[in-house]
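Morning, everyone. I'd like to talk through cavities and aromatic contacts today. Here is the model.

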Amino acid sequence: MNSKEPKKILFLFTELSGYMINCFEIAKLSDFEIHVIKYPINKEAPFEFKSENEIYLYDRKQFNSKQDLLNIIRKLSPQLLLISGWIDELYLKIVKEDALKCKKVLMFDTSWENKLKQKIWITIFKFSYLRYFNSVWVPGDKQLQYARKLGFKKSQIFQGLYTCNFDLFKNIFDKSLSKKRQIFPKKFLFIGRYIDSKGINELSKLFIEILDEYKLNWELWCVGTGEKWDDRIIHKKIKHLGFLQPEELKDVISLSGVFVLPSKFEPWGVVLHEMVTSGMPILVSDQVGSIHTFLNRDVNGMSFSYSKKEDFKNKLLKFMHLSDQELLKMGEESVLLSKKITPTKWVETLNQIYE
């Protein structure tokens, strides 16, 4: 029996996801006792959370005042407090509470875009909040740049905040590889919310244009739901599969060939990590934050820019003309890149922050 004192931590979170639950479960195996205050489930991404290890979840709606939050923090007495971004004013008020002697860590995924609003926030943050945080945890390079501008020293910044459920998606690659070696599926796969910023309609229209012009035998499979679901483009070569839980995605990914993420705005995009781990070649917009980590251009995929006329269409077409062997090789290269961030490395970083 493990007699070690647990490393008690509390996350003041916003929208929780399955991949974070997976990280929490692995952290539990390293003697962390994890408490999470979370927002209600997003109707457009209704993930069902299943946890094999005991993780303590609390509904944000239970805490209506600063005092409510302080009461539970004092009751739990965590050694580490991790705060998700700056959207929740109550979370930010808690940070400034000097009576809380635990370490305080900021987590965010906002990319540095050199916008006026961000420049104003830098000034506010430096004077009002910076001194209360011990460190900051971000996904990648563009967020690291923002963290430096907020005033954090290099030694205070940790990367790798987001990671996919690595074992789940790597298993999909392992099991589907032999079939894909025989015949590579001529199917594009989109996974995301049906909203304007995800580029689902642009993808559908260009895909149909190419089929009409070149008579190529490809399909487009789309997974997700959202406010634009009723406006989805219907076509005999496009399948709209609705929202699927990660476990339900296995067969869809196994039967698909190339993942497309055409977002017009995407601070990070864990789905890209999931798909490269699954061994898929990728076509991704240059507005996706995780592109710098998981895309090696013309090795495991391609990127496109909305600012370049016909670029998206040309890249789709280029993929459709690649051989099975070229597509298979790209998928195998994706898997190699996927190992840059894993849940095991996430827990290692959490330990560094904790210490």
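Start with the second largest cavity: its lining is Ser111, Gly140, Asp141, Lys142, Gln143, Pro267, Trp268, Gly289, His292 and Thr293. Two elements give two or more residues to that lining, α5 (141-149) and α10 (291-294). The top contributor is α5, with three residues. Helices here are DSSP runs of H or I with at least four residues, strands are E runs of at least two, and both are numbered from the N terminus.

A word on provenance. This is a predicted model, where local features need pLDDT of at least 70, side-chain atom pairs count only at pLDDT 80 or more, and totals for chains, interfaces and linings use all residues. Residues are numbered from 1 along each chain as its sequence is written, and side-chain values use heavy atoms, with hydrogens and water left out.

What is a cavity here? On a 1 Å grid over the protein atoms alone, it is a set of points where a 1.4 Å probe fits but cannot get out; lining residues have an atom within 4 Å of a point. Volume is the space filled by probe spheres set on the points, with grid points joined across faces, edges and corners.

The second largest cavity holds about 40 Å³. Its lining has two nonpolar, six polar and two charged residues. Nonpolar covers Ala, Val, Leu, Ile, Met, Phe, Trp, Tyr, Cys and Pro; charged covers Asp, Glu, Lys and Arg; the others, Gly among them, are polar.

How many cavities of 30 Å³ or more are there in the whole structure? Two.

Now the rings. The structure has 25 aromatic pairs. Rings of Phe, Tyr and Trp (its six-membered ring) pair if their centres lie within 6.5 Å; planes under 30 degrees apart are stacked, over 60 edge-to-face, the rest tilted. One cluster is formed by Trp86, Phe108, Trp112, Trp121, Phe125, Tyr129, Phe133, Tyr146 and Phe152.

Last, charges over rings. That needs NZ of Lys or CZ of Arg within 6 Å of the ring centre and within 35 degrees of the ring normal. Lys96 lies over the face of Tyr129, 5.0 Å from the ring centre. Lys7 has its charged end over the ring of Phe32, at 4.3 Å from the centre.

Terms used:
1 Å grid on protein atoms, 1.4 Å probe; cavity = no way out; pocket = protein on both sides within 12 Å on 5 of 7 lines; lining within 4 Å.
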